[in-house]
Amino acid sequence: MGITTSPGVSAKKRPWRVTFKKQWQLYLMSFPMLFYLLLFAYVPLLGWVMAFQEFRPRFGLSPIGQVMSNKWVGLENFKTLLDNSTILGQRFLQSVVNTLGQSLLILVLGFFLTIMLSLLLNELRQTGVKRFVQNVLYLPHFLSWVIVAMLASTALSLPGSGGFLNDFLMKVHIIDRPIQFLADPGYFWGIVAGTHLWKNLGWNTIIYMAAMTSIDPNLYEAASIDGANRYQKMWHVTLASIRPTIVLLLIINIGMLLTSGFEIQWLLGQGVNIVRSENIDVFVLRYGIKMGNFSLATAAGILRTVVSIILLTGSNFVARSLKQETLF
Amino acid sequence: MKRTLLTAFLSVILSTVLFASGADEAKGAKGNGEPHVFSPDNPVTIDAWIVTSQTAPSPDNKISKLLKERLGVTLNYDITTPDQQLDRIGIMLAAGTIPELVGSTDQNARLVQGGAMLRLDDYLDSGRWPLLAEHVRPVRKKLTWTGGGVEDGLYQFPNYNRFYGNPPIMSPIHWGSAFWIQKDVLAFHNYPSLENMTLERYFDLIESYMKANPTIDGAKTIGFSFPMQGRVWGLTNPPLFLAGYPNDGGVMVDDGQAKIYANSKYAYDYFKFLNMAHDRGLVDPESFTQTLDQYLAKVASGRVLGVHDQRWSFGTANDALVANGQYERTYAATMPVFPGKKPYYADRDVLNINQGFGIASNAENPELLLDFLEIMLTPELQTILSWGIEGEDYLVDENGLFYKTQEMRDNFNNLTWKQDNRLEALLDIMVKRQGELPGGNAFAAGDQPGEFFDSLKQYDKDFLAAYGLKTWRQFVNDPPPNPAHYPAWQISPPDGSAAQVANQQLEDAAQRYLSEAVLTSPARFDSVWNEYMAAIDSIDVAAYEAVITEGVQARIRAAGGE
């Protein structure tokens, strides 16, 4: 997982063994992390065999024993998921649409708003005020999703149950009848995006803020001498300088488009809004794990991983051909 | 060189810290063929997994102390709420780790099928545990797991409704389904007759009360609600009862054939009615979006006039109302039916199957765990679990009958007191001598005839007197013997079957379309209903009905063979 941010610095070709002898302590230091990755990121991939089986867990068997004791079914589970003529297939494909819709909304809104917020914070001159505002913005990140879901559920409920959003909208005469936000599927993507932004917007500014602090102050001075006003400096110096960070984060986030979170959809999702709330994670839990159908759950997971890899390499390729910073 | 060594040293430390794992502590005495002698000199610790909505006891609980001081037993509780149960079961099966004493309530008995539970038949036949053997003897056939995955046999001791006594002392409370109505609503209408109840009359009673009392304790009055999250039957079951059928779950059973009723005329009539009731402002629209906790909190606030629910399901809300002294906000059962139908809301208490304590198949010392269950089934400990400690929690009269003072009764209604003085989570899943304890006492204080009448508050006494009735059970029908197949809801389609998927989809479709059908304007009801019918048509209903019918037939055959 090397991030190549400085092209052109190439080490002299040396035999591998010489390098190792010189730096063996460094290799030793990296070993725990390497081992961690192998153990928790690669070894679990062996579990993918479940997708090609009719898998029933047997208590007390070794992992290999578990695999050997089950029936092989080939691509049956994938066919079930992708078959648009069955209800199960329709449900899965709908959950893919919901996942993409929800996370695109989070990504697009989150992307612009985070950068804007970072810029605004960066322009704050009084350190005390800046610290205070930052701390206030970070706080929601530390709330658990269960609490956020309960807050959202109360805020969005009818006025009689503490729904202050309805109260507010009615007071300012935007609506004249309270809206049951959670009963209308049309609002659900917005609710997902809204809660994610509320919780993580402040926290996500940290990386951009860090990138901004490393900008050479001479650039601002030079821009001032050239007669740039504050907005021009924001555009031509600040934003231009953090462009590599922006592009990298964008690529990483695109790779995670098929993950739109789980908790808020699970906690606020009900039968009445299921058409827009059920994303891949919820589908997997409901039709896979809750029903003891681990094979279907694994197959859905594999499909998601494959699409994610395509999205990630695709966006990386686009970035490279636009001569932007790339992940690999 | 020094730096090199230091770096190497740090790397090793780091690795060790990251991957160190603690060794498991050995515990419990090894079984040696002789029953374990429970005494404080011979302490044992038992890990118990319990699925219940009751909370864990406080650390210095009185009964926990008693078990420790008298039996030397310390219980490590691991409590899972029913809605989280399947997640835990999946993890337990896959990981191969499970507490030794397993108290699950999963109808599909996935732990049994997955081989995580111990087959108890040989143990019971050994004669070492006479009380447990007697406990299951009359109902052994019903309890025997035959769903495959493992050898047929007994894997769990039922937690409810194995009755002792001839005849058993039955609860004066109806714990099942009804259209419940707040007592104050009936008092407001001067205790109208509840015979020949109809939906129209039920909602009319609520509507006129609501007009007179737009708020209760400062909060907006709610006409009608029901549980939905995890208890979708709160929404879907009424057509069954309205049509005069007993609670068979998602199907109506006629002549041994199971048929879903979600697409029946009864369902159409009920939801059409509910849609209009919503239009009249009588149905809480949040019923469809709220969590179970939010629903229970509303009921506990005393501002919900009517619910369709099962009495046990809103038990905690009822307890809270009683604890607050709001007796007029607690509920009485009514049984609306469609014209020409006879109400069959109440059934004979049904033995729980696939629910209760069993033993993990990898338990180190299953004999000890059975010894523990055996001693807990002795009348002495049963009395302590259910009634408490003599002199402190109850008194005994000259005839040997238990009774309580008012203070003792108040304690039993006090939620915080109960955490310190009762083991409600354990009791919920434990084997119980329901029906009768030796000496002619009822198992539960609330079931003791004398105690029931003495403990009634004046409000409830007057309320019962106004109806000329003696118990809450008399508000519902006197149930005939249950049909041989009954109840069909205990028949669960096997994991991964088309029937199981169909069942889930029927539930999902019901939640989605019925929510919309009720909440929409009356003019649009029919078009939403037609969408719902189309959705049901696309589901493999036949597979579901076939599996349930097969189960019904098997039960009828088994009953005939006895």
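## Helices 11 and 15 of chain A

The model described here is predicted. In chain A, the axes of helix 11 (residues 243-255) and helix 15 (residues 294-321) come within 7 Å and cross at roughly 155°. Helix 11 of chain A is therefore roughly antiparallel to helix 15 of chain A, and the crossing between helix 11 and helix 15 of chain A is right-handed.

On the side of helix 11 of chain A, the contact is formed by Val247(A), Ile251(A), Ile252(A), Ile254(A) and Gly255(A). Helix 15 of chain A contributes Ser308(A), Leu311(A), Leu312(A), Ser315(A), Asn316(A) and Ala319(A). By class, the residues of this contact between helix 11 and helix 15 of chain A comprise 7 nonpolar, 4 polar and no charged.

## Helices 4 and 5 of chain A

Another pair in chain A consists of helix 4 (residues 87-123) and helix 5 (residues 127-138), which pack at an angle of about 155° with their axes 9 Å apart. Helix 4 of chain A is thus roughly antiparallel to helix 5 of chain A. The crossing of helix 4 and helix 5 of chain A is left-handed.

Helix 4 of chain A supplies Leu117(A), Leu121(A) and Asn122(A) to the contact, where they meet Lys130(A), Val133(A), Gln134(A) and Leu137(A) of helix 5 of chain A. The contact of helix 4 with helix 5 of chain A divides into 4 nonpolar, 2 polar and 1 charged residues.

## A buried histidine in chain A

His196(A) belongs to helix 8 (residues 188-213) of chain A. With a relative accessible area of 13%, which is under the 20% limit, His196(A) is buried. When its neighbours within four places in sequence are left aside, the residues in contact with His196(A) are Ile106(A), Trp145(A), Leu201(A), Ser260(A), Gly261(A) and Ile264(A).

## Aromatic pairs

Over all chains, the count of aromatic pairs comes to 49. One of them joins Phe224(B) and Phe226(B): the ring centres are 6.1 Å apart and the planes stand at 55°, so the pair is tilted. Phe224(B) and Phe226(B) are both buried.

The rings of Phe452(B) and Phe453(B) also form a pair, with centres 5.3 Å apart. Their planes stand at 70°, which is over 60, and therefore the pair of Phe452(B) and Phe453(B) is edge-to-face. Phe452(B) counts as buried at 6% relative accessibility, whereas Phe453(B) is partly exposed, with a relative accessible area of 33%.

Helix 16 (residues 379-386) of chain B is mostly covered, with 6 of its 8 residues buried. These buried residues of helix 16 of chain B are Leu381(B), Gln382(B), Thr383(B), Ile384(B), Leu385(B) and Ser386(B). Among the elements of chain B that cover them are helix 2 (62-71), helix 15 (366-376), strand 15 (402-403), helix 17 (406-412) and helix 19 (424-429). After helix 16 of chain B comes Gly388(B), which has a positive phi near 105°.

Where does Ser264(B) lie? Ser264(B) is found in the loop between strand 10 (257-260) and helix 12 (265-279) of chain B. Ser264(B) is buried, its relative accessible area being 17%. Ser264(B) and Ile384(B) are 120 residues apart along the chain, and their C-alpha atoms are separated by 49 Å.

How values were computed:
Residues are numbered from 1 along each chain as its sequence is written. Chains are lettered from A and ligands numbered from 1 in the order in which they are written. This is a predicted model: local features need pLDDT of at least 70, side-chain atom pairs count only at pLDDT 80 or more; totals for chains, interfaces and linings use all residues. Side-chain values use heavy atoms; hydrogens and water are left out. Axes are lines fitted to C-alpha atoms, for helices over the stretch in contact, and angles run from 0 to 180 degrees between N-to-C directions. Helices (H or I, at least four residues) and strands (E, at least two) are DSSP runs, numbered from the N terminus. Angles under 35 degrees count as roughly parallel, over 145 as roughly antiparallel, 65 to 115 as roughly perpendicular and the rest as oblique. A crossing is left-handed if the near helix is turned anticlockwise from the far one by less than a right angle, and right-handed if clockwise. Contact means heavy atoms within 4.5 Å. Ala, Val, Leu, Ile, Met, Phe, Trp, Tyr, Cys and Pro count as nonpolar, Asp, Glu, Lys and Arg as charged, and the others, Gly among them, as polar. Rings of Phe, Tyr and Trp (its six-membered ring) pair if their centres lie within 6.5 Å; planes under 30 degrees apart count as stacked, over 60 as edge-to-face and the rest as tilted. Buried means under 20% relative accessible area, exposed over 50%, partly exposed in between (1.4 Å probe, protein chains only).
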